[in-house]
Amino acid sequence: MEFDIYGYKIAWKVDITSLDYHHYLPLFFDGLCETNHPYKFFAQQGIHDMLYHGKTKILPVIPQLIIPIKNALNTRTPEVISCTLKVLQHLVTSADMIGESLVPYYRQILPALNFYKDMNVNSGDGIDYSQQKRENIGDLVQETLEILERYGGEDAFINIKYMIPTYESCILT
């Protein structure tokens, strides 16, 4: 870990594109459940770095990522859930065909999202800063479902609707 003017980052000793994605990406995804520093930082930053540089190496690893994603969403820890939803959004948008390859796994991922879909804070006339920081779980679930629908191809909406009956399509037909 090193610090520069932008904050902490991972000091990779090898080129990220030369890493074995079948080994390291699932390892970092297993770290999504971590809440202690620096383990949490390494897991999150490692995932984002690998997704940013991975491109074609990510798609073959998708089946290995489902169980760590499911485990992280089932922790019931708001901090872990919001982080996992952001990672899921980055995963879907990181390369071509990833959204479509996730559709068969919606039955494992989406039940947890159905539980959190309406988890918004009613602060009355107060201010909820979690929206500004992108930590409001209800909003993140809605964003994630919309991204899954946009990038998931023609079968995405029907599969999302099956698992989350209250979901409304974000794509106008």
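Predicted model: local features only at pLDDT ≥ 70, side-chain atom pairs only at ≥ 80, totals over all residues.
In soluble globular proteins, nonpolar side chains tend to be buried together.

F29 illustrates how these contacts are made: with its neighbours within four places in sequence left aside, F29 is in contact with I47, L65, P68, I69, V87 and L91.

## Helix α2 and its cover

Helix α2 runs over residues 39–54, and because its 16 residues should span 22 Å at 1.5 Å a residue, the distance of 22 Å between its end C-alpha atoms agrees with expectation. After α2 comes K55, which has a positive phi, near 50°.

The buried residues of α2 are F41, A43, G46, I47, D49, M50, L51 and G54, and what covers these buried residues includes β2, α1 (21–30) and α4 (78–93). Among the buried residues of α2 is I47, which is also one of the contacts of F29.

## A nonpolar patch at the surface

On the surface, M1, F3 and Y8 form a nonpolar patch, and their accessible area together is about 350 Å². Y8 belongs to strand β2, residues 7–9, and counts as partly exposed because its relative accessibility is 48%, the range for that class lying between under 20% for buried and over 50% for exposed. Strand β2, which holds Y8, is also among the elements that cover the buried residues of α2.

How values were computed: Residues numbered from 1 in each chain as written. Heavy atoms only, no water. Patch = residues over 30% accessible without salt bridge, like charges linked within 9 Å, V, L, I, M, F, W, Y side chains within 5 Å. Areas by Shrake-Rupley, 256 points an atom, 1.4 Å probe, with all protein chains shown as cover. Salt bridge = Lys/Arg side-chain N within 4 Å of Asp/Glu carboxyl O. Helix = DSSP H or I, 4+ residues; strand = E, 2+ residues; numbered from the N terminus. Buried < 20%, exposed > 50% of the residue type's maximum accessible area, 1.4 Å probe, protein only. Expected span 1.5 Å × (residues − 1). Contact = heavy atoms within 4.5 Å.
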